[in-house]
Amino acid sequence: MKKYLFVCLGNICRSPAAHGIMEKMAREKGIAECVDVDSAGTYGGHSGELPDTRMREAASKRGYDLTHRARQFTRADFERFDHIIVMDDSNYERVCRLAPDMQSLSKVERMTDYCTRFDIDHVPDPYYQGQSGFEYVLDILEDAVSNLIERTAE
Ligand code: 4NP
């Protein structure tokens, strides 16, 4: 069993989408029992909320049902997860600052390092963007998660 935590700022747009995509792709690949998936935000202001309506609608059209309730990332997540996958530099810095030791630090990865169709270094925050921003985020996440799943299934 490999344990994955996706992290963004609010845990209502990017990371719950990555979470839902990973769960669906893992089911389709027949490895759902081999992965434990969760998501969290570095900012706790949206804790308890469902994902942003714009993201839920865009994801739903692609077959992803996003029902995660937002929660804040905590230091204890370093013990629970094998891979802590962040969306941008700000997430990376905030998560790394909480790492209690080098082994924990080595668990922190960037989502875009798994991309093969996009030559980018962060998943842009869609919160203040229009609907096209949400579609673009989903395109990036589908690319990254499909490669992550291939890696997991090896
Ligand atoms: P996320 O998007 O980090 O992808 O969940 C955001 C959600 C909320 C805020 C910013 C980004 N906010 O400022 O409240």
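User: Cysteine 34, buried or exposed or in between?
Analyst: Cysteine 34 is partly exposed, at a relative accessible area of 39%. Buried is under 20%, exposed over 50%, and partly exposed in between, with a 1.4 Å probe and protein chains only. This is a predicted model, where local features need pLDDT of at least 70, side-chain atom pairs count only at pLDDT 80 or more, and totals for chains, interfaces and linings use all residues. Residues are numbered from 1 along each chain as its sequence is written, and side-chain values use heavy atoms, with hydrogens and water left out.
User: And cysteine 8?
Analyst: Cysteine 8 is buried, with a relative accessible area of 2%.
User: How many disulfides in the whole structure?
Analyst: The search finds 0 disulfides, a disulfide being a pair of cysteine sulfur atoms within 2.5 Å. Cysteine 8 has its nearest cysteine sulfur 7.0 Å away, on cysteine 13.
User: Switching to the ligand. Which residues are around it?
Analyst: Among them are Cys8, Cys13, Arg14, His46, Tyr127 and Tyr128; the criterion is a heavy atom within 4 Å.
User: What about the side chain of aspartate 125?
Analyst: An N or O atom of that aspartate 125 side chain is 3.4 Å from a ligand oxygen.

Notes: A polar contact is a pair of N or O atoms within 3.5 Å; within protein, one must be able to donate a hydrogen and the other to accept it, and residues adjacent in sequence count only if both atoms are side-chain atoms.
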